Amino acid sequence: MARSIFLCLLAICFIANVSPAPLSTSPNPAVTAHNALLKRAEPGTGDDDFPDTEPHPNPLDQVETAFNDAFELAAYVLNFIDDDVDIFPHYFNGGDRAGVKNVFLAIFGTTTIPENPSVGNDLLANIHVQREDTEGQCKDPRTLAYMHDGETENPTIVLCDTAFKKKAVTILKGADPDKDEDKKWYMTCKPLEDNGHVSYLMNTLGATLLHEYFHFDGLVQSVFGAPIIDQADPNGNPIGYGPVQVYDSLNKDLAPFNADSYTYYALHNLWHVLCQKDFEAPRPGTDDADPDCGGKVCKT
């Protein structure tokens, strides 16, 4: 059955009909004003790492769309978290709901919610996004991105080449979602519905950025009183990466301090709403075996 989607930037409106097509943009003045406000609170990029070259979409276009997609993810959470009794318990303890909500509120700045959630948190403008691999972590083919100096006032997000394999949700400059040759740039509902499980397929470049935002101590640490990290066991082995580890597996006492718990909760929530589908639990060795990361769990 054909389905359509209403423009629902930052999940302020209720979606009555959804589609496997990307969220669209609009030339109307309200949306133009919304985007202008959003620009003021986005991380910055440098011309050296992200030149605005032909053809489009280029990496700069991908990153700018990912900024918006990260806001979309956080906003969909805020639109549904209070009444979510189905998805939330797979990622967090019920007693942590208010704190988890405040972490997502921090992405926008608590003084702007709910009156004007499009403004964003000014601290995000302190983040610089680059491709230069400052710490050499991109040599690991499983690494999508990492944050450098997250404990400082001016952290850096490094996006590895692998990150640009991740797709967009909202409209990407130079890629018309109605053209067959451009559909490769977008994540849509069809592959998610065919798979039927919470999966790496849900991941996007915007989600990669959102994950890194959670590592910015100045932005979110005050909520639970400790940094949000990538949880590991005493031997340093990751225990909080990817859908399998964070869905009903990671100790939920650790979940408020684990970035991918927030990221996959947001992804699960977004695609549940857009696709109008209940996704099954992720399957070890299948739904965490991301071909973009060599058939393994991606690291961020």
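The protein has eight helices and four strands. The model is a predicted one. Of the 300 residues in the protein, 52% are buried. Contacts between residues at least 6 apart in sequence were also examined; 70% of them join residues at least 24 apart. The accessible surface comes to about 12900 Å². Carbon and sulfur atoms account for 50% of that surface.

The four strands form an open sheet. Their order is E1-E2-E4-E3, and the pairing is mixed. Strand E1 (44-45) and strand E3 stand at the edges. Each has a single partner strand, so one side of each is left without a neighbour in the sheet. E3 and E4 pair in the antiparallel sense, over four bridges. Met147 stands opposite Ile157 in E4. Helix H5 lies across E3 and E4 and runs at about 145° to E4.

In soluble globular proteins, nonpolar side chains tend to be buried together. Here, the largest nonpolar core has 70 residues. The residues with the most contacts inside this core are Phe104, Ile107, Leu159, Tyr213 and Trp271. Several elements give two or more residues to the core, among them helix H2 (59-80), helix H3 (97-108), strand E3 (145-148), strand E4 (156-159) and helix H8 (259-275). Helices H4 (189-195), H5 (205-213) and H6 (217-224) also belong to this group. The largest share, 12 residues, comes from H2.

Leu159 illustrates the packing. Leaving aside neighbours within four places in sequence, Leu159 is in contact with residues that include Phe50, Val63, Val129, Leu144, Ala145 and Phe164. Leu205, Thr208 and Leu209 are also among the contacts of Leu159. Thr208 lies in helix H5. Its relative accessibility is 1%, so Thr208 counts as buried, the cut-off being under 20%. Beyond neighbours within four places in sequence, Thr208 is in contact with Leu144, Ala145, Leu159, Lys166, Asn203 and Thr300.

Asp217, Leu219 and Val220 are buried in H6. Seen down the helix axis, the buried residues of H6 fall within an arc of 150°, so they line one face of the helix. The cover over these buried residues includes H3 and H5. The face of H6 turned away from the buried side carries the exposed residues Gly218 and Ser222. Just after H6, Gly225 takes a positive phi of about 80°.

Some backbone angles stand out. Most residues other than glycine have a negative phi, and most peptide bonds are trans. Asp149 is not a glycine, yet its phi is positive, near 65°. Asp149 is found in the loop between E3 and E4. At 32% relative accessibility, Asp149 counts as partly exposed. Gln276 likewise has a positive phi, of about 50°, although it is not a glycine. Gln276 is found in the segment after H8.

Cis peptide bonds also occur. One joins Glu54 and Pro55, with omega of about -5°. The peptide bond from His56 to Pro57 is cis too, with omega near 0°. Pro55 lies in the loop between E1 and H2. Pro57 is likewise placed in the loop between E1 and H2.

Technical notes: Residues numbered from 1 in each chain as written. Heavy atoms only, no water. Core = buried A, V, L, I, M, F, W, Y, C linked by side-chain atoms within 4.5 Å. Buried < 20%, exposed > 50% of the residue type's maximum accessible area, 1.4 Å probe, protein only. Contact = heavy atoms within 4.5 Å. Arc of directions from axis to C-beta. Areas by Shrake-Rupley, 256 points an atom, 1.4 Å probe, with all protein chains shown as cover. Pairing = 2+ DSSP bridges. Axes fitted to C-alpha atoms, helices over the stretch in contact; angles between N-to-C directions.
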